[in-house]
Amino acid sequence: MENDFDAIVVGSGISGGWAAKELTERGLRVLMLDRGRMVRHGEDYPTEHQAPYEMKFRGLGDNRRNQIEYPGRSPSGNEGSSHFFANMRDHPYTTAPDRPFKWTRGNQVGGKSLMWARQSYRYAPINFEENAIDGHGVDWPVRYSDIEPWYDRVEQFIGISGSVLDYPTAPGGRYFQPPMPMNPLERDMQARMAKAFPDRPLTIARLANLTQPIGEDRQPCHYCGACDRGCSTGSYFSTQSSTLPAAMATKRLTVMADSIATRILTDESGERATGVEVMDAKTREKRTYSAKIVFVCASALESVRLLLLSANEKHPRGLGNSSGLVGKYIMDHLLSDFAMTTVAGPPMPHLTGGRPGALWMPRYRNIRGEKREDYVRGFQCNAVVFNDDWQRGARTPGIGVDLKTKLRTTGDWHVLIGALCEMLPSLGNQVTLDTDVRDAWGQPVLRMDVAFGENDLAMRKAASDDMLTMMKAMGYKDVMMTPGRPIPGAQIHEMGGAVMGKDKRTSVLDGHNRCHDIPNLFVTDGAAMASSSQSNPSLTYMAFTARAAAFAAGEFKAGRL
Amino acid sequence: MLNRRTMLKAASAAGSTGLFVGPAAASAPPPATSTGEAPLTPDELALIAAMAEGIIPKTDTPGAIGAGVPAFFRTIFDEWFLKDQQIAFRASLQAYDNEAKDRFGKGFLACAAADQMQLLVEWDKKGANLFVSPAHPFREFKRLTLHGYYTSEVGQNEELKTVMDAAQDDPNGPVMYGLASMF
């Protein structure tokens, strides 16, 4: 095959797929690499719609295999989705003493877009301003108005179902599909919240799951309830269902699976990326592919790792690292404690599926002039009202005919609410290369040195208190708190490490996701985020990637790249 | 309302489902590791069957035995339990039988039905006590029995009559599937 392309995109997940689509649609010939295997849409979703009795361990997962592949920690995924997750045996990483970090990866074509949780919220205008206001992290080089049209473009193309709200931290929705329905007890919770807190809108999650078709190949969600096994009806956004077909239709995309980007190459001046060195994951043979533009979309921490692994004479600390900030400002989110109670409700049919998302309430703290003394920034809430199934039988006494009769109907209903808290960008939270440990392909691994800070934990405590207060104010009785101990990385919203900024001394990327040091090298996934906001971030990665790709294509056509 | 079977039929007709693991599916798992522990014996399996049937008996639908729960236990023991779990489980089976002998002068299987039930009820009460650690082994036995039963073809299709589409047409609307994707 040919070795020279207009652009190379490293990674094929949520961000890489968007880069490939936008660059090819704008006329560029693109090579998209993924370190993992090919996953064909539909054909390679082997567990889709399997009943529990069609799975060897009935959904309990392969316990012995997990001991080998995830020594000392809980496995990623479940029996229906574990084949989409990268294990710890082949893909190890290390952590600083007493600083645990949970890193979840999906190494295949499509990346984690195949099993993401699909909640899709925009960063709010305030999220692009707070770094400058409170001085944490570096000021974003863009504001909401810069990214707004790209959010519109992404929401329209991928398909989002959800409610449009007139609320300062819930922008967007011009192209939303109708929201998924709430059950009667959720509607009751919504009404209780509106009565107790008229300024806090509780509604259904905004989901990249369809309620209306898009073209012929993307059908509305059929509520089978196991999105993470893949969806042959294209009912949720994944690379396979959405961006990859669009990019392939241009006939300008080449996809190479099992292809590990081991280094980004530069010319002798060090000022231009010239291509990517690629290792065949099966044969370990190395080849070089050249291009005028390189997009790094390998997932936040893998993108950082690739920049660090690409160190050369001109860039001894890693590519784009003249500031020394590659690997710094690592963020995630952290969950509050949950408030929970039991309520009366009707019995339900026994379901093998369910609605693919819960309820959501946008951030209401430190907006509209409120200024908390105990923490800066804020959190969003998620809530759900669900009922017990047969598994409750294992938690309560009873055997025999009585037990069997009882479990024939569904059980109690539970109301649950919790918060997703912003984690501040902090210089001390970093990842570095650990050359003492190698992955299965001989590459040095990442060492995580990340912990929650004072503000993060103060917000978490205040959010937990808010959950209890709200439940009581809504009139729920016997509310219990379920305490948690969050670990960085566990929300799988890891980001930062190559943050955007205005100044090359204090940031890695400019306002178009382009390396300050190497103008034809772009990083457009979570690594670029200068702050984490209070919201699930994937939609924002897509919008930034689309914007950067349009910019890069324009520069390419103008002969400047 | 669609049930699971019609859903699958519809999906197959559309040529769009991937029900079976094809050659391009998941990367090969590592070879199953043997722990060196001997498989469950026929006597042990008979004890498991009797206890499981006591927990979920045959009524107008099959009970634990009719739903294949003993075979599920065999899979769990032979291929899922780690060695220390195997040893503990095997010891617990022996302990159940010993307790039956102490109380009624014969092994569990030889006991009268009422005596078997009395033992199971007592063990169930102990297993349900959340304030003892480690938990009484019956808690795990019951959990696996229920799991084996309600995830079986009998449990799903005859006993629970599960539906796949989250009751979209039900006035109660769709509910969440667990809490895995709440955040």
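Which residues in α4(A) meet which residues in α10(A)? On the α4(A) side they are Ile147(A), Trp150(A), Tyr151(A), Arg153(A) and Val154(A), and their partners in α10(A) are Leu539(A), Met542(A), Ala543(A), Phe544(A), Ala546(A) and Arg547(A). By class, this contact has nine nonpolar, no polar and two charged residues. Welcome to this structure, which is a predicted model.

- Helix α4 of chain A covers residues 144–158, and helix α10 of chain A covers residues 538–557.
- The two helices pack with their axes 8 Å apart, at an angle of about 110°.
- Angles of 65 to 115 degrees count as roughly perpendicular, and α4(A) and α10(A) are therefore roughly perpendicular to each other.

**Chain A as a whole**

- Chain A has ten helices and 17 strands.
- Its radius of gyration is 23 Å, close to the 24 Å that the globule rule gives for 561 residues, so chain A is as compact as a globular protein of that length.
- The C-alpha trace of chain A spans about 75 × 55 × 50 Å along its principal axes.
- Buried residues account for 56% of the 561 residues in chain A.

**The nonpolar cores**

- In soluble globular proteins, nonpolar side chains tend to be buried together.
- The largest nonpolar core here holds 154 residues, and the members that touch the most other members are Ile8(A), Val10(A) and Val499(A).
- Helix α10(A) gives this core its largest share, ten residues.
- Leaving aside residues up to four places away in sequence, Ile8(A) touches Leu31(A), Leu33(A), Gly275(A), Val276(A), Tyr289(A), Ala291(A) and Val294(A).
- There is also a second, separate core of 36 residues, which includes Leu40(B), Ile76(B), Phe89(B) and Cys111(B).

**Chain B**

- Chain B has seven helices and zero strands.
- Read from the N terminus, its elements run α-α-α-α-α-α-α.
- Of the 183 residues in chain B, 38% are buried.
- Residues 24 or more positions apart make up 57% of the chain B contacts with a separation of 6 or more.

Conventions
Residues numbered from 1 in each chain as written. Chains lettered and ligands numbered in written order. Predicted model: local features only at pLDDT ≥ 70, side-chain atom pairs only at ≥ 80, totals over all residues. Axes fitted to C-alpha atoms, helices over the stretch in contact; angles between N-to-C directions. Helix = DSSP H or I, 4+ residues; strand = E, 2+ residues; numbered from the N terminus. Parallel < 35°, antiparallel > 145°, perpendicular 65-115°, else oblique. Contact = placed C-beta atoms within 7 Å. Nonpolar A, V, L, I, M, F, W, Y, C, P; charged D, E, K, R; others polar. Rg over C-alpha atoms; globule rule 2.2 N^0.38 Å. Buried ≥ 20, exposed ≤ 12 C-beta atoms within 10 Å, placed from the backbone. Core = buried A, V, L, I, M, F, W, Y, C linked by C-beta atoms within 7 Å.
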